[in-house]
Amino acid sequence: MLSQTSLFMLLSSLAVRAAPLAGAAPEADSGLASLYYQCGGINWTGATACAEGATCYSQNDYYYQCIATENVPSATAAASAAATTSVAKASSSADPVVTSAKIAIQSTSQEKSSDNGTSTAAITSTTTFQTTSQLAETSSAAQTVDHNVKKSSSSSSAVEQTTSSQVAAAQTTSSTVASTQATSSSATASSSASQSSSSSSSSDLKTVSGGFSGTGKTTRYWDCCLPSYSWPGKSSAVSSPVRACNANGDVLTGTNFQSGCNGGEAYMCNDQVPWAVNDNLAYGFGAASVSGATDETLACSCMKLTFTSTSIQGKEMVIQITNTGGDLGENQFDLAFPGGGVGIFTSGCTNEFGSGYSWGEQYGGISAESACSNLPSDLQKGCDFRFDWFENADNPSVTFEQVVCPSELTELTGCSRSDE
């Protein structure tokens, strides 16, 4: 029988952030999935064919996406279309008992102490997700598994479990790449200016009327992959997709990119890292799964998180949502912290920066601030933030409310919402 940890690792390898947060993908009048939306995968019940000019391309067993036909590698286009039909049939013919079954994932873990050896209260959370016949065959005896395994972010050998984030879509670029050092320098200067002029108090933030709010939890990640909201067509309410960068840190022009986690040239920009505004307020970025939200309503929105546990209780952080959270639990915010763990996308950071860096444990990342010096120089300040302002807090719980995005964040991503 698989151990709880081994089974969790299997589940993590099957989950991808590419899945939409809620609801089916928009479809044309003919019942075809629109460009850049889901068109197949295990348990998928929506459209399995794409609108004219798009081909259903296999990202993995769980996620097929409609991408422009001219961008599909010629050697795989036919196979991709065939695979979509196969998956759609498998989904519809699967044992209804298995496909409708739900595994309750109980996560109970003792928060590790700091160096003084004092432990804090155990944290328990339960998440429910859809299983498949493939998973059932792998371990039919598994009833409960540890989904949010906390292996500790302290100096002990265990490492805190966090959820990996970020989508790697199978897209091939046809856009022009701007790879000049001047562009990179300009982006860096913009980042510095934004951070130095940040609002001094959360009281300056304006709550969005009718926006999202509630209670939730946080995790952390940094996998270097292209943000999901860097793809076009995710929301009609955004000014433009989130900026993407190449391996040199230069901002790319255009929007039709393939993620570096899939062998493409596009990555998350190095200036989309957290920073402290003052002792009680910080800004940053992340992925999220919010109850009742869809890509249309969530893309590039900003949430003010008020921490309600650990040593940072009472502090506030405003994050812009640049990534989807199909592998996250309800009301879960995956904070983008360099050195926070690469999760299931283990090759992205190596593809971007080479093999000369140490990213820490796959889940949880590095465990000490001194290890930040082993990351690329552009990411070290963002890494230090976790151990300074954030006090290396262990997945603190939060209350959240949607606020109008501060310009300091939208200037870095180039993405703002028209309905704020």
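Modeller: Helices (H or I, at least four residues) and strands (E, at least two) are DSSP runs, numbered from the N terminus. Keep in mind that this is a predicted model: local features need pLDDT of at least 70, side-chain atom pairs count only at pLDDT 80 or more, and totals for chains, interfaces and linings use all residues. Residues are numbered from 1 along each chain as its sequence is written, and side-chain values use heavy atoms, leaving out hydrogens and water.

So, helix H8, residues 380-387: its buried residues are Gly382, Cys383, Phe385, Arg386 and Phe387. They pack against strands E6 (213-221), E7 (275-276), E8 (281-289) and E10 (316-323), with contact taken as heavy atoms within 4.5 Å.

Now the rings. Phe385 belongs to a cluster that ring pairs build with Phe307, Phe337, Trp389 and Phe390. Rings of Phe, Tyr and Trp (its six-membered ring) pair if their centres lie within 6.5 Å; planes under 30 degrees apart are stacked, over 60 edge-to-face, the rest tilted. Trp389 also has the charged end of Lys315 over its ring, 4.5 Å from the centre; that label needs NZ of Lys or CZ of Arg within 6 Å of the ring centre and within 35 degrees of the ring normal.

The structure holds 10 aromatic pairs. One of them is edge-to-face, Trp275 with Tyr283, at 5.6 Å centre to centre and 85° between the planes. Trp275 and Tyr283 are both buried.

Note on methods
Buried < 20%, exposed > 50% of the residue type's maximum accessible area, 1.4 Å probe, protein only.
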